[in-house]
Amino acid sequence: MTQTIMTALGPVRLLGDNATRIWGMSNAERCRRMAESAAKNGSALAVGQELLFNLSYAFDPMLLRLVLEEPGTVFAWGTVPIVGQVPEGSDPLSAPHVVDLSDGRKLYNRQLRKLEQPFVRELTPATRRGIERQSYFGAYKGVTDLLTKYLWPELALWLTRLAASIGMTPNMVTAIGATLCILATWFFAQGLYWTGMLAGFVFMVLDTVDGKLARCTITSSKWGNVADHGVDLIHPPFWWYFWGVGLSAWGLALSTQTFALVMAAVIAGYVLQRLIEGMFIKDFGMDIHVWGRFDSWFRLITARRNPNMVILFVALLAGRPDIGLIALAWWTIISLGVHAVRLMQAYGVKRSGRPIVSWMEARA
């Protein structure tokens, strides 16, 4: 069975049919959403080309991005075409660039900063949950902090499935998370650190869930992305400031001078580190954390919100939230220094005429 539908991207040819649902929708709907999302992000089909989807299979959305970059590309599994951009009405296997993914090759995903074999799997009732699991983990960034990479995944997977099953949107999850983020800030200011930690950690998990829900259900939106990243960008300095304010409730208030120095290190360090990351992207076209293997490793523990919360959590266990805040300030300064050195090294490499390439892209 073959049918052609029209999308904002252009004509889409659907091969076969499939009644098995994935993330609460049919595979045909999933493919349509992927095409519409690509169009919203500025992609377009070449003149005389159509998009091809095989509904018997579910696949990594990265493959769609790649075929849209190069007309005449088809990704196949053995002799079965999976997704491609081909001349309208043509035999997909006669396309000029047919890539057989069954050989286990790995591809570099710039968007998610990882090198891996993209998943391609036949979608049946027996494989549905396994495919959902693969697509969920496929939506994970390869380079991120240690909590997001190692601690959250299973819990966030369960919550993502629950949200999809009851029809929650990513924006709903973001709104709940933002509310918890504000509550955590208030609890910290009152010295209610354990309650604030609980609200903060739930927010941190939901901060993973909303992005994964958007990617898995193909429901990301411009304003949802702005809201999600806006909250992520703005709130950390407020958490650290009001953590310092709350120390007075424990009888551990820092002196005025110490508090000022700690806040200067935490806030200035956070802002400068973000500026360095932005400069690296502007001047080298990629995230600083994917340049070398060291950079990817350091991203696990660099002074971002999640690793900083680990520092505060350990200090709180010891009954010394004041020492935790001071340790967080020192770690911010150290992380800033590491990023500054790496930025200078990158400029040095560029001046020498050598290219700045991610170690993962070089391996691919």
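Among contacts in the chain (heavy atoms within 4.5 Å) between residues at least 6 apart in sequence, 72% join residues at least 24 apart. The model is predicted: local features need pLDDT of at least 70, side-chain atom pairs count only at pLDDT 80 or more, and totals for chains, interfaces and linings use all residues. Residues are numbered from 1 along each chain as its sequence is written, and side-chain values use heavy atoms, leaving out hydrogens and water.

The chain has 364 residues, of which 51% are buried, meaning under 20% relative accessible area with a 1.4 Å probe, protein chains only. Its C-alpha trace spans about 75 × 55 × 30 Å along the principal axes. There are 13 helices and twelve strands, taken as DSSP runs (H or I, at least four residues, for helices; E, at least two, for strands) and numbered from the N terminus.

An unreviewed UniProt entry places the feature "transmembrane region" at residues 172-194, 240-272 and 309-334; such annotations may be inferred rather than shown by experiment. Residues 172-194 are 87% helix and 0% strand, with end C-alpha atoms 26 Å apart. Residues 240-272 are 73% helix and 0% strand, and there the end C-alpha atoms lie 16 Å apart.

Helix α11 (residues 305-317) and helix α12 (residues 321-351) have axes that come within 8 Å and cross at roughly 150°, the axes being lines fitted to C-alpha atoms over the stretch in contact, with angles from 0 to 180 degrees between N-to-C directions. The two helices are therefore roughly antiparallel, a term for angles over 145 degrees. On the α11 side the contact is made by N308, I311, L312, A315 and L316, and on the α12 side by P321, G324, L325, A327, L328, W331 and T332.

How values were computed:
Angles under 35 degrees count as roughly parallel, over 145 as roughly antiparallel, 65 to 115 as roughly perpendicular and the rest as oblique. Buried means under 20% relative accessible area, exposed over 50%, partly exposed in between (1.4 Å probe, protein chains only).
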